[in-house]
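Reader: Could you walk me through how to read the features of a model like this one?
Author: Gladly; let us look at it together.

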Amino acid sequence: MTRYILGIETSCDDTSAAVVDDTLRVRAVQTTSQTNLHALFGGVIPELAARNHIAWIFPVIDTALKKSGVASADLSAVAVTNYPGLLGSLLVGVGAAKGLSLGLKKPLIAVNHLEAHIHSAFLDRAERPTAPYLALVVSGGHTTLMEMAEEGTTVLAETMDDAAGEAYDKIAKIAKLPYPGGPAIDKIAQTGDPSRYDLPHLMRSGKYKDTLAFSFSGIKSAVKRILEEEGDTVALADLMACFQSRVVELIERRLTAAWEQKPYTALVVAGGVAANSAVRTMAQSFTERRGVPLYLPQLKYCQDNGAMVAAAAFPRLDRGDFSPLDFDVTATCRPQK
Ligand code: KG4
Ligand code: ZN
């Protein structure tokens, strides 16, 4: 009999629920994005995000269930993101999931948001990577490189300051481009000449040169300086093209270094920034050159969504590894097992 999981995601500013079956086919996904609201402030306001989740959470869950055609009695489990994220936002999804689990008498599965992003790459796809594979989550909150092995997940590297998406958002704000900055910069960068500006190459020298770590605050300052110096005369498309090429260059250098340490069976790149055209092209050619499969989420699953939460919960359902009703939320990543 087909098993279904209801996945709930409220870790930041998207209220989302989805029903996914055990082949990871998405039966329905419903997301209410608060982007336009937070755009008024140029960034996510945590308390506003939490309040809006409260308003939307049950309509979103109801709609996802109705669209899926799956009766709530036929669900095998309720899954929800419980870390990392904004505490107020997480609590809304977790409260709803606990209530549903109690009311429907269904097991509860608390999911790590980064693992959920990784599983977004397997949605609506027939095959899965075999361990050990390399996974990079690049989003507004994280830039995390992970080894996914049979024995568990090892974090190989993280950003030392801003996340990649955060750098996009902050630079867009300084450049007066629309919020969120990632899609806006991606679009304008495609029309620009990346060689016109001489921005620094990220971490190509210095003490972190030979590590796997990421840092994006230096390039943000360099772009800011040029924008201040050149004012209205700045060639914005060229500057953004150069910024984007430096970001992608660092990501590629880190993937290359990780691959030199160990040849992996596959690469997963996920998270909001996995929607970036240059990141996708680089990941494609990176894996083609190595003859390994690339798992990139479809564009519609790069952004936070409930389907990826349900997908990440299936291995736990298979193992009968459920969460107790009193599990907590955490803002940051706990140490990985
Ligand atoms: O995964 P996500 O929806 O939320 C977090 O968990 O952070 O990622 C949102 C981030 C934002 O910073 C946004 O600017 C960025 O993903 N983003 C992009 C693109 N589309 C979204 N960054 C670069 N290029 C894009 N095309
Ligand atoms: Zn996310």
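Reader: What should I keep in mind before reading any value?
Author: This is a predicted model: local features need pLDDT of at least 70, side-chain atom pairs count only at pLDDT 80 or more, and totals for chains, interfaces and linings use all residues. Residues are numbered from 1 along each chain as its sequence is written, chains are lettered from A and ligands numbered from 1 in the order in which they are written, and side-chain values use heavy atoms, with hydrogens and water left out.

Reader: Which domains does the chain have?
Author: Domain bounds come from an automatic or database domain assignment. Here that assignment gives domain 1 (4-123 + 301-319) and domain 2 (133-297). Their contact (heavy atoms within 4.5 Å) takes 18 residues from domain 1 and 21 residues from domain 2. The C-alpha centres of the two domains lie 27 Å apart.

Reader: Where does ligand 1 lie relative to domain 1 and domain 2?
Author: Start with the shell: a residue belongs to it if one of its heavy atoms lies within 4 Å of the molecule. Domain 1 and domain 2 both give residues to the shell around ligand 1, so the ligand lies between them. In this model 20 residues surround ligand 1, and the closest are Gly140, Asp169, Gly182, Asp186 and Asn276.

Reader: How many residues of each class does the shell around ligand 1 have?
Author: For the classes, Ala, Val, Leu, Ile, Met, Phe, Trp, Tyr, Cys and Pro count as nonpolar, Asp, Glu, Lys and Arg as charged, and the others, Gly among them, as polar. The shell has six nonpolar, 11 polar and three charged residues.

Reader: Which atoms of the protein lie at polar-contact distance from the ligand?
Author: A polar contact is a pair of N or O atoms within 3.5 Å; within protein, one must be able to donate a hydrogen and the other to accept it, and residues adjacent in sequence count only if both atoms are side-chain atoms. A polar side-chain atom of Asn276 lies 2.9 Å from a nitrogen atom of ligand 1. Taken alone, ligand 1 exposes 550 Å², and the protein buries 87% of that (Shrake-Rupley method, 1.4 Å probe).

Reader: Which helices supply the shell around ligand 1?
Author: Helices are DSSP runs (H or I, at least four residues), as are strands (E, at least two), numbered from the N terminus. Among those that each supply at least two residues of the shell are α4 (113-120), α5 (164-174) and α6 (181-189).
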